[in-house]
Amino acid sequence: MNLPSTALVSTRSLGKSFGASPVLQGIDLDLYPGEVVALLGANGAGKSTLVKVLAGSHGHDAGELWVQGRAVRFTSPHEARRAGIVAVHQHAEEALVPGFSVAENLVLDELCQPGGTLWSNPKRVQERAAQIAADLELRLPLQASIDSLGSAERQLVVLARTLALQPKVLVLDEPTASLSASEAERLFGLIDSLRERGVAIVYISHRLSDLARIADRAIVLRDGRLAGEFPAPLDVPAALVAMLGSSLAPLVEGAAEQGAEVLRGRGVQLTARSQPFDFSLHQGEVVALTGLLGAGKTEIAEVLFGLRRPHAGTLDLDGQPWQPTSPRAAIAGGVFMAAEDRSRDSLVPGFSLARTLTLPFMQRFSRGGFIRRDAERAAVAEQVQHLGIKCEGLEVAMDTLSGGNQQKVVLGRWLLGNGRLLILDEPFQGVDIRARREIGARIRASAGQRATLVICSDPDEALEIADRILVVRDFSVVAGYPRPGLKRDDLVAQIAGITAPSLTTQRQGVACA
Amino acid sequence: MPESISSNPPATWLRLAIHYGLLLVLALVVVLFAVLEPAFLRVGNLFIILQSVSIVALLALGVTLTMAVGGLDLSIGAVAAMSLMCASYVMVVLGWGPLPAVLISLGCGALVGLLNGFLIVRMGVPDILATLGSMFLVIGLQLIPTGGRSIAVGMTLPNGDEAIGSFSSAFLALGRARLWDTVPVPVVVMAVIAVLVWAFLERTRFGRVLYAIGGNERAARLAGAPVQRYKFLAYVLSAVLASLGGLLLAARLGRGDVSSGNGLVLDALGAALIGFAVLGARKPNAFGTLVGALLVATLLNGLTMLNAPYYAQDFVKGTVLVLALMFTFGLAPKSR
């Protein structure tokens with residue numbers, strides 16, 4: 001066996017099958033100290049499985065896995081951890097204990113170690129947590145409850161805790177999924193310093209701009225096999241071709257026909273201290289609402305969907321005052337929303353694809369309270385076909401679907417109704433690029449009879465999907481641009497609050513463009 | 001997606017065993033007892049089993065509804081006992097007819113359901129604690145009108161008079177009559193209610209929404225469900241079904257016995273929980289609840305025929321429940 005002596009981890013012909021279907025085949029991979037290796041692949045390409053084999057959640061069943069010159073086969077994450085390999089999984093939130101303080105969550109791994117001291121000493125916990133945070137130059141409110149932190153800060157807590165284990169190989173699965181650009185930058189700073197300390201980092205992300213920023217090289221998986229390796233600077237189009245097997249046509253360009261005004265907001269003020277703003281949304285048009293995390297995008301959507309009352313200002317829907325008091329009232333009035341967090345806000349454990357899809361519009365599929373199952377099935381089958389949802393039948397459990405297909409179901413649910421305004425909060429989160437294209441195309445294709453508001457933190461997503469882009473900062477819509485002719489750099493500058501010379505920023509009324 | 005396929009798909013026979021496990025156990029138990037004691041299979045005995053289970057089954061069907069919204073109703077036993085005392089009081093002490101007795105009892109049950117709903121939905125008290133509280137409240141409340149004594153025809157009231165009323169034969173027929181000389185009325189009531197609850201949960205949009213609320217309340221609200229109203233509905237229905245159970249018990253006993261509601265709550269909860277394992281449902285469901293109640297009743301009946309001591313009954317129930325819970329949560333295929 002010919003293995004490079006300096007590699008921390010090497011795999012040769014590594015394979016893993018579930019039942020009869022091979023998920024990974026013939027993976028040859030070397031990870032060296034002090035490098036960031038991006039792992040690319042569409043959903044289902046085998047990324048997660050590879051990560052789970054490396055991190056000990058799955059044992060491999062073909063080929064070899066070498067860690068620092070020793071052949072291993074992990075049977076538990078604990079073993080992998082002892083060998084110095086630690087993974088931070090996509091849903092980092094699951095690693096936190098609600099109700100515990102930030103400090104307690106930071107030292108949780110040590111608290112849970114066997115052979116620790118019997119007594120829990122709050123002072124020592126504080127000191128140790130402060131030390132972990134200081135090592136990474138993180139400023140966190142250690143005394144505060146973990147529940148009071150935003151999702152970005154929670155992500156950082158999980159990461160800090162993982163790093164306290166001093167791993168030699170760190171696997172990050174979609175670490176920026178819930179981070180804004182500036183927070184992601186903070187994470188990249190952390191990754192840079194880890195790289196200098198000689199940690200090997202495997203980095204999985206759907207955000208190609210992240211990968212271009214951080215990766216020393218990229219490895220592409222397709223259908224469970226290695227499909228290519230790309231050195232930095234990352235050749236994004238070539239990597240996409242390797243990932244998808246074909247290059248993607250861009251989404252349809254050109255301005256959509258702007259129809260009648262559907263929703264108008266005047267002097268809308270979200271909080272007592274934020275600036276009032278005006279905006280309007282038109283039929284047939286897809287508007288993206290973008291801005292940093294915590295800028296107030298979701299809050300605007302919540303006002304429209306009856307989850308929050310504005311501090312001041314008026315809203316009109318089709319010329320009538322719009323003051324929904326609950327999601328139920330909003331839906332009855334024709335305003336639909338697919339909220340940000342799929343599993344928290346949209347999915348019901350144990351509900352099948354069909355049940356998940358029809359939940360908001362059960363009334364349409366029932367007579368005298370009794371469900372008309374044929375009508376329900378027909379409507380679901382139609383959405384499944386239109387959205388290109390890949391599934392083994394309409395009654396499959398939602399958690400057997402990939403993220404992209406789950407998101408399609410959530411979108412399809414609201415396409416069942418004839419809404420006036422459809423709000424989609426982060427519809428591309430945790431969705432691979434092909435599904436993202438398909439979802440975007442479906443949103444645009446179905447947009448004719450309603451106004452559509454798509455919230456996305458990622459400026460590239462906003463540029464891809466929208467006819468018009470609104471920028472939110474400090475709980476206020478501060479700028480609006482028609483898509484044609486808008487430059488990415490200008491948009492990013494506006495999002496970040498740096499006034500670019502090529503733009504004249506208007507504070508009021510911009511959205512009526 | 002390959003990544004979400006369980007790493008160890010259970011063998012087909014194991015899946016089948018988990019799916020049909022409890023139904024198989026029920027069949028085996030019946031066959032076993034039939035072999036050991038031929039009298040077990042006599043029609044009369046089978047209806048004795050059904051009759052013995054009918055009241056518990058009503059309560060269990062009610063608690064199934066509250067479990068479907070993700071809650072739990074511990075007050076059902078107390079409500080059944082209250083309903084029994086209430087009906088007895090109205091007929092024996094006040095001397096009113098059976099119809100007012102039934103309506104007042106069901107109405108009082110609905111009030112307790114509203115109280116539970118208020119505590120859980122409006123005050124935000126966790127369901128177990130709220131219904132534990134109302135359980136104590138109701139157990140205490142039903143003792144006050146009679147000064148803590150049971151109600152019997154001709155009893156002496158606290159003021160020294162003799163009670164004027166009696167249980168009418170129409171009311172007693174609710175618990176004692178048999179259709180075609182064979183099928184006890186409580187069994188008919190149980191069957192009708194079971195079909196209604198099953199259809200409500202499985203075939204109406206209301207049931208679908210109840211399950212959605214139980215699975216992910218936030219998702220249900222964001223999909224437009226009036227979550228609070230549905231929760232109130234579930235707790236009121238649960239309490240009304242418990243009241244109905246109490247009425248049947250009163251009709252069977254023919255007296256207002258203060259201690260007779262005890263024990264119903266655990267049996268009912270057990271039946272509903274055993275029901276999780278029936279047909280691999282892993283959720284509260286009407287058919288499973290009925291099978292759970294029947295399984296326990298069949299076991300107890302057969303063991304009694306074989307002269308098993310009465311004090312072993314709770315042990316048997318507990319064993320069945322623990323095994324069923326292991327089936328449901330430990331052995332059923334995990335989705336991930």
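A salt bridge is a side-chain nitrogen of Lys or Arg within 4 Å of a carboxyl oxygen of Asp or Glu. The model is predicted, so local features need pLDDT of at least 70 and side-chain atom pairs count only at pLDDT 80 or more, while totals for chains, interfaces and linings use all residues. Residues are numbered from 1 along each chain as its sequence is written, chains are lettered from A and ligands numbered from 1 in the order in which they are written, and side-chain values use heavy atoms, with hydrogens and water left out.

**Stop 1: salt bridges**

Select Glu285(A) and Arg468(A): their side chains meet in a salt bridge, 2.8 Å from N to O. The pair links distant parts of the chain, 183 residues apart, with Glu285(A) in the loop between S12 and S13 of chain A and Arg468(A) in strand S21 of chain A. Helices (H or I, at least four residues) and strands (E, at least two) are DSSP runs, numbered from the N terminus. Both Glu285(A) and Arg468(A) are buried; buried means under 20% relative accessible area, exposed over 50%, and partly exposed in between (1.4 Å probe, protein chains only).

Next, select Asp192(A). Its side chain forms a salt bridge with that of Arg195(A) (2.6 Å, N to O). Asp192(A) is partly exposed, with a relative accessible area of 22%, and Arg195(A), at 18% relative accessibility, counts as buried. Asp192(A) also meets Arg213(A) in a salt bridge (3.4 Å, N to O). Here the partners are 21 residues apart, Arg213(A) being in helix H8 (residues 208–214) and Asp192(A) in helix H7 of chain A. Salt bridges that share partners join Glu185(A), Asp192(A), Arg195(A), Arg213(A) and Asp216(A) into one network. Over all chains, the count comes to 23 salt bridges.

**Stop 2: the six-stranded sheet of chain A**

Show the strands of chain A in the order S6-S7-S8-S3-S9-S10: these six form an open sheet with mixed pairing. Two strands pair if DSSP finds at least two bridges between them. Strand S6 (85–88) and strand S10 (225–231) of chain A stand at the edges with a single partner strand each, so one side of each has no neighbour in the sheet. Neighbouring strands of this sheet are turned by 20 degrees against each other on average, direction ignored. Axes are lines fitted to C-alpha atoms, for helices over the stretch in contact, and angles run from 0 to 180 degrees between N-to-C directions.

Zoom in on S3(A), where five of its five residues are buried. Val36(A), Ala38(A) and Leu40(A) point one way from S3(A), and Val37(A) and Leu39(A) the other way. S3(A) runs parallel to S8(A), joined by four bridges, and Val37(A) stands opposite Val202(A) in S8(A). Four bridges also join S3(A) to S9(A), again in parallel; Ala38(A) has Ala218(A) in S9(A) as its bridge partner.

Contact means heavy atoms within 4.5 Å.

**Stop 3: a buried lysine**

Select Lys408(A) in helix H15 (residues 403–415) of chain A. Is Lys408(A) buried or exposed? At 2% relative accessibility, Lys408(A) counts as buried. A polar contact of 2.4 Å joins its side chain to that of Glu438(A), and the side chain of Lys408(A) reaches the backbone oxygen of Gly388(A) at 3.1 Å. A polar contact is a pair of N or O atoms within 3.5 Å; within protein, one must be able to donate a hydrogen and the other to accept it, and residues adjacent in sequence count only if both atoms are side-chain atoms. Leaving aside neighbours within four places in sequence, the residues in contact with Lys408(A) include Leu387(A), Ile389(A), Ala435(A) and Ile439(A).

**Stop 4: helix H18 of chain A**

Select helix H18 (residues 488–496) of chain A, whose buried residues are Asp490(A), Leu491(A), Ala493(A), Gln494(A) and Ile495(A). They pack against strand S13 (286–290), helix H17 (459–465), strand S21 (468–473) and strand S22 (476–482) of chain A. Just after H18(A), Gly497(A) takes a positive phi of about 85 degrees.
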